[in-house]
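Hi there,

Here is the structure I promised to pass on to you. Have a look at it first, and then read my notes below.

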Amino acid sequence: MMFALSAVPVVMISGVAIDYARLLHFSTRLKNAADSAAIAAAITTSDPTNPMSTTALTALRQARAQAVFEAQFAGQNSIYDRSVTMTEGSNSVSVSGGGTLNNMFGGIVGAMTSKLAVTSEATTRSEEHTSE
């Protein structure tokens, strides 16, 4: 009888611990993806022999950030409803990413999913070029 009464809280605590460990794992993966996307966007520059407009460069940086971010999750659906946005500063880019993670045991307490959100920033390359 005593075992039966103690088994329920033990199982619930174990389930919460598993969901929390998964949340930490996927938060780290999401942060790594945002870091990679920010670096990819930051190193994207205009060709000095054929410069592009600021609008075109921003669009190219956004496309590269999106591609690199999504490549980190190729073939995996653990985090769904993923999103990524890139914002340019005067000499930096900021990438914000997010998604939704299904909880394995959270449904027991009414938390079926967890929302994840991360931000990463990287300094852009200098556009200055010297000719000899």
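What span should the 18 residues of helix 2 have at 1.5 Å a residue, and how far apart are its end C-alpha atoms? Before the answer, a word on the source: this is a predicted model, in which local features need pLDDT of at least 70 and side-chain atom pairs count only at pLDDT 80 or more, while totals for chains, interfaces and linings use all residues. Residues are numbered from 1 along each chain as its sequence is written, and side-chain values use heavy atoms, with hydrogens and water left out.

Helix 2 covers residues 54-71 and should span 26 Å; its end C-alpha atoms are 26 Å apart, which agrees. The expected span is 1.5 Å times one less than the number of residues. Helices here are DSSP runs of H or I with at least four residues, strands are runs of E with at least two, and both are numbered from the N terminus.

Which residues of helix 2 are buried? They are Leu57, Arg61, Ala65 and Phe69. Seen down the helix axis, the buried residues of helix 2 fall within an arc of 100°, so they line one face of the helix. (The arc is that of the directions from the helix axis to the C-beta atoms.) On the other side of helix 2, Thr55 and Ala71 are exposed. Buried means under 20% relative accessible area, exposed means over 50%, and partly exposed is in between, using a 1.4 Å probe and protein chains only. The cover over the buried residues of helix 2 includes helix 1 (2-42), strand 1 (79-88) and strand 2 (92-102).

Helix 1 passes the same kind of check: its 41 residues should span 60 Å, and its end C-alpha atoms are 60 Å apart, which agrees. Among its buried residues are Gly15, Asp19, Phe26 and Leu30. Helix 2, strand 1, strand 2 and strand 3 are included in what covers the buried residues of helix 1.

Ser27 lies in helix 1 and counts as partly exposed, at 24% relative accessibility. Leaving out residues up to four places away in sequence, Ser27 touches Leu116 and Val118, where contact means heavy atoms within 4.5 Å. Ser27 and Gly99 are 72 residues apart in sequence, and their C-alpha atoms are 9.5 Å apart in space.

Asp81 is found in strand 1 and is exposed, with a relative accessible area of 56%. Asp81 has a positive phi of about 55° although it is not a glycine. Most residues other than glycine have a negative phi. Not counting residues up to four places away in sequence, Asp81 touches Gly98, Gly99 and Thr100.

Thr123 lies in strand 3 (residues 113-123) and counts as exposed, at 60% relative accessibility. Its contacts, leaving aside neighbours within four places in sequence, are Ala42, Asn91 and Ser92.

**The cavity**

How many cavities of 30 Å³ or more does the structure hold? It holds one, with about 40 Å³ of space in the largest cavity. A cavity is a set of points, on a 1 Å grid over the protein atoms alone, where a 1.4 Å probe fits but cannot get out; lining residues have an atom within 4 Å of a point. The volume is the space filled by probe spheres set on the points, which are joined across faces, edges and corners. The lining consists of Met12, Gly15, Val16, Phe105, Gly106, Ile108 and Val109.

Happy exploring!

Conventions
On a 1 Å grid over the protein atoms alone, a cavity is a set of points where a 1.4 Å probe fits but cannot get out, and a pocket is an open set with protein on both sides within 12 Å along at least five of seven lines; lining residues have an atom within 4 Å of a point.
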